[in-house]
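Subject: Structure handover

Hello,

Here is the structure I promised to pass on. Please open it alongside this message.

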Amino acid sequence: MLRGAWKLWALGAASLAAAGSAWAAPTPGGIDFQPAVTETAERVHAFHNEVLIIIAVITAFVTALLIWVMIRYNRKANPTPKKFSHNTVIEIIWTVVPVLILVWIAKGSFPLLYEQDVMFNGEQVAEEQVVDIKVYGNMWYWDYTYNQNTEKEFVVESRMLRPGDETRPLVPARGDINKLSVDNPMVAPAGRHVRLKITARDVIHAWAMPQFTLKVDAVPGRLNQLWFKVDQPGIYYGQCSELCGKDHSNMPIELWILPQQQYDAWLAAAQADPTKGGRAYLDSLPRPGATQVASAQ
Ligand SMILES: [Cu+2]
């Protein structure tokens, strides 16, 4: 047991060192965020750290106040309490200071929300340069429509792999990760502005990709949007993040970011036979930036 754990740790450490820290799948026992891979995600992480400091200072301050009151004003230390009930100065302070703190947090938060939602953070990108992918949540899998409303339109269905499953087996040797890998991953090109139009066919799901710090509900009859631009090819993992029924846990998101040339080749292969999702082509590639951490289990 111990030896196994040691082996796992060594394997994890070795493959993390080999892969670099820019991309990584979730690791067993990990407690921090997965590394940020978009500029937006870096800013979200920085904002998180800032808020964490504010929270820590407030918590320490309130704890110190409580301890002070308990020691200084308990019945023994202060047998005859004063009877006043108002203090205008302190009431103004404890109203205004929290408001200022909240305004400060809002000042950091609202622009980031805007940046995640509104296309390309205000950057002007020619429409033909934008890669559009339509995302549908279904009970209980995702599907991705490419080249929508053109003759080349096709849909790739993406279902979770399971160990020992006959139709969709998990293949750890290939780098598959239990509960995160799918038969036909979503694929997008590196260094391009990718626009996701997200909706659902049955109930509310949510498309979430932690390393991009993106998450939005997929609501039937309604279109939500997200965008990302990832420069580093790699495999990124997310999960449906809105409780959507009994197999909610079985709809992971596996996203391959490939260099443009490989993306074009995948697009052609997937379009030729969407039911196979260009999987044979993906398997012929060296895995972009995949870690072996979880697959070592
Ligand atoms: Cu779902």
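**Confidence**

This is a predicted model. The average pLDDT of the chain is 87, and 89% of the residues reach at least 70. Where pLDDT is low, predicted coordinates should not be read in detail.

**Overall make-up**

The chain has 297 residues, and 27% of them count as buried. Its secondary structure is five helices and 10 strands. Take the contacts between residues at least 6 apart in sequence: 67% of them join residues at least 24 apart.

β4 pairs with β10 (residues 252–258) in the parallel sense, over four bridges. Within β10, Leu255 is the residue opposite Met186. In a regular strand the side chains alternate between the two faces of the sheet. β4 shows this: Met186 and Ala188 point one way, Val187 and Pro189 the other. Are these four buried or exposed? All are buried.

**The helix across the sheet**

Which residues of α4 are buried? They are Gln262, Trp266, Leu267 and Ala270. Seen down the helix axis, the buried residues fall within an arc of 145°, so they line one face of α4. An α-helix has 3.6 residues a turn, so residues three or four places apart point the same way. Gln261, Asp264, Ala268 and Ala272 are exposed, on the face turned away from the buried side. The cover over the buried residues of α4 includes β2 (141–146), β3 (154–158), β4, β10 and α5 (279–284).

**A helix in the open**

Helix α2 (residues 39–72) is another matter. It has 34 residues and reaches 50 Å from first C-alpha to last, close to the 50 Å expected. The number of buried residues among its 34 is two, so α2 lies largely in the open.

**Backbone details in the loops**

- Met139 and Trp140 are joined by a cis peptide bond, with omega about 0°. Trp140 sits in the loop between β1 (131–138) and β2.
- Asn147 has a positive phi, near 50°, and is not a glycine. Asn147 is in the loop between β2 and β3. It has 15 C-beta neighbours inside 10 Å, so it counts as partly exposed.
- Lys179 also has a positive phi, about 75°, without being a glycine. Lys179 lies in the loop between β3 and β4. With 16 other C-beta atoms within 10 Å, Lys179 is partly exposed.

Best wishes

Terms used:
Residues are numbered from 1 along each chain as its sequence is written. This is a predicted model: local features need pLDDT of at least 70, side-chain atom pairs count only at pLDDT 80 or more; totals for chains, interfaces and linings use all residues. pLDDT is the predictor's confidence in each residue, from 0 to 100. A residue is buried if 20 or more other C-beta atoms lie within 10 Å of its own, exposed if 12 or fewer, and partly exposed in between; C-beta atoms are placed from the backbone. Two residues are in contact if their C-beta atoms, placed from the backbone, lie within 7 Å. Two strands pair if DSSP finds at least two bridges between them. The arc is that of the directions from the helix axis to the C-beta atoms. The expected span of a helix is 1.5 Å times one less than its number of residues.
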